[in-house]
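User: Here is the structure I would like to talk through with you. Please start with the terms we need for helix packing.

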Amino acid sequence: MSSSPDGHNGKLYIETVGCQMNVLDSELVVAALRKDGYELTDDPKAADTLLFNTCSVREHAEHKIYSSLGRLKYAKRTAPQKVIGVLGCMAQKDQDLIFERAPHVDIVVGTGQLAEIPRLIKETRSAEARQQQKAVSLGRRDGSVLEISSSFQSYDPLRDPEMRPTPFQAFVRIMIGCDKFCTYCVVPATRGPEQSRPPSHILSEVKVLADQGVKEICMLGQTVNSYKHTEDGRTHRLSDLMYAINEVPGIERIRFVTSYPKDMTDDLLHAVRDLPKAVKYLHAPLQHGCNDQLKLMKRGYTVEDYREMMHRIWETIPGCSVSSDFIVGFCGESEESHQLSIASIREFRFKNSFIFKYSERGGTKAASLMKDDIPEDVKKRRNNEMLAVQNEISEEDNAEFIGRRVSVLVEGQSKTAERKAARGEDASAPGDPLATQLMGRSECDRIVVFDGNPRLAGSTCEVEVHDCTGTTLIGSIVTKEVQHGSSGILPILS
Ligand code: SAH
Ligand code: SF4
Ligand code: F3S
């Protein structure tokens, strides 16, 4: 279907996998296309344009996308005017291979070329004969650093207020790419060279978001604490951005992911400690608890270095929580190495850990130089053992919160309440038809659920914790109940 004179451009369906960077990219692509007259649908059958924003970090993520694409083969045969696009990391990594494996795909757009999407869809739709189109950036060996860097464009157009998943939280990209080249990782290839955005651009984006009602800013970067940009003769680091954002009226919380352990400098820890708006939480993946494995991974630090960082965090920011990622079953991982990883969870008491089974990725150092020699069932068992220990630690540490009050930025209905409502069941809280189960996060990033009025979304509440699981604190809102007009009893924060 072609664009009509009233600017209507048909229905758009988008599927997103991968990290927060992809979530942000999809949000921005949808915003740009809505401006062009597209209307979003969650029904792929009803869509005229179908986009898949992809991830290549593990094989499983790619399989998911290829099977979603496979399901569209018949739809494209019966409705050839549908435009199918593959975006993101897999588009940058696989390029023409996507057309080979899924010939019904019309466009392939890498992470550094997202601004091209509206034009490419338009051209595909208006072409006389079917024409597959591709917009990708250079490979990491296909030119000078400058040429490669400039082929990866950070895509940060200003956003529509109604486009965000929640109106009061927003991701802000502060850098793109990665230059760390961990041996297992495909990201330096899919996202290109590390490039920090100018602080003035970041700050104006934050101010616009604050004017739109955003209260929480989450700064994004693959190694967010490696941020460095020289502007007006001065070098700005992540801590400088934190101080600047802390001054923006309306912003109440500032967070950032993901930190690279080696770049956890004291100026950043002091900013997290001293700034009232800074969330006391760091995501600083250890990846493994054995030095031999860290060396093979080329992470650039030892367990001793990591321990030193953890002690600095604990001493500088009391109550700060830290989470980690781990890879199990990496090349040559012995049972002893695995036990060291388990021991590291016990030692560092992570708030939570994301644990992944090693997945060999073409084009990485590990794929070309090392053997993926740990059998799948061993990877699975080790993964489960790590999860069990992490869960035990999380539960123990969450239990410390029972009886304490935490300050919660309310995000909205809890997953349980959402599921109930989606099934058409009564999602109201027991004994209070105006309330439902809400969820939010504490100042140290713990998930908190409690009953309350959905209108509290976006506000900060005091919640007294009376129970917990490994992932969640369960509590009650601390309220003064006052009569509020005709709408009955509305909780007012004490
Ligand atoms: N930039 C972030 C991580 C981005 S990828 C950082 O360095 O911490 C997110 C996580 O995926 C990584 O932390 C790692 O634990 C995992 N990961 C990356 N490549 C992987 C692979 N080939 N197999 C399994 N897990 C992988
Ligand atoms: Fe991948 Fe390592 Fe870069 Fe993280 S720091 S994105 S794991 S190469
Ligand atoms: Fe995946 Fe790309 Fe993010 S590979 S984890 S979507 S940077």
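Analyst: Contact means heavy atoms within 4.5 Å, while helices (H or I, at least four residues) and strands (E, at least two) are DSSP runs numbered from the N terminus. This is a predicted model, in which local features need pLDDT of at least 70 and side-chain atom pairs count only at pLDDT 80 or more, whereas totals for chains, interfaces and linings use all residues. Residues are numbered from 1 along each chain as its sequence is written, chains are lettered from A and ligands numbered from 1 in the order in which they are written, and side-chain values use heavy atoms, with hydrogens and water left out.

User: how many bridges join E3 to E4?

Analyst: There are 6 bridges between strand E3 (residues 49-54) and strand E4 (residues 83-88), and the two run parallel. Within this pairing, Leu51 of E3 stands opposite Gly85 in E4.

User: Changing topic: which residues touch the most other members of the largest nonpolar core?

Analyst: A nonpolar core here is a set of buried Ala, Val, Leu, Ile, Met, Phe, Trp, Tyr and Cys residues joined through side-chain atoms within 4.5 Å, and buried means under 20% relative accessible area, with exposed over 50% and partly exposed in between (1.4 Å probe, protein chains only). The largest core holds 51 residues, and Met219, Leu238, Met242 and Tyr306 touch the most other members. Helix H13 (residues 303-316) supplies the largest share of this core, 5 residues. Apart from it lies another core, of 23 residues, which includes Leu12, Val29, Tyr38 and Val83.

User: what does Met219 touch?

Analyst: Leaving aside residues up to four places away in sequence, the contacts of Met219 include Val172, Ile174, Leu238, Met242, Phe256 and also Arg255.

User: Now charges. How many salt bridges does the count come to?

Analyst: The count comes to 37 salt bridges, where a salt bridge is a side-chain nitrogen of Lys or Arg within 4 Å of a carboxyl oxygen of Asp or Glu. One of them joins the side chains of Glu62 and Arg361 at 3.3 Å, N to O. This pair links distant parts of the chain, since Glu62 is in helix H2 (residues 59-71) and Arg361 is in the loop between strand E16 (353-357) and helix H15 (365-369), 299 residues apart.

User: are those two buried or exposed?

Analyst: Both Glu62 and Arg361 are buried. For another pair, Asp36 and Lys122, the salt bridge has an N to O distance of 3.8 Å, and it links distant parts of the chain, with Asp36 in the loop between helix H1 (20-35) and strand E2 (39-40) and Lys122 in helix H6 (residues 117-126), 86 residues apart. Asp36 has a relative accessible area of 26% and is therefore partly exposed, and Lys122, at 46%, also counts as partly exposed.

User: which residues are linked in a network of salt bridges?

Analyst: Asp25, Asp156, Arg173, Arg191, Arg197 and Glu205 are linked in such a network.

User: Last topic, aromatics. Why is the pair of Tyr306 and Phe348 called edge-to-face?

Analyst: Rings of Phe, Tyr and Trp (its six-membered ring) pair if their centres lie within 6.5 Å, and planes under 30 degrees apart count as stacked, over 60 as edge-to-face and the rest as tilted. By this rule there are 9 aromatic pairs. The Tyr306 and Phe348 ring centres are 5.2 Å apart and their planes are at 65 degrees, so the pair is edge-to-face. It links distant parts of the chain, Tyr306 in helix H13 and Phe348 in helix H14, 42 residues apart. Tyr306 is buried at 1% relative accessibility, and Phe348 is buried at 1%.

User: which aromatic cluster do they belong to?

Analyst: Tyr306 and Phe348 form one aromatic cluster together with Tyr260, Tyr301, Phe326 and Phe350.

Definitions and conventions
Pairing = 2+ DSSP bridges.
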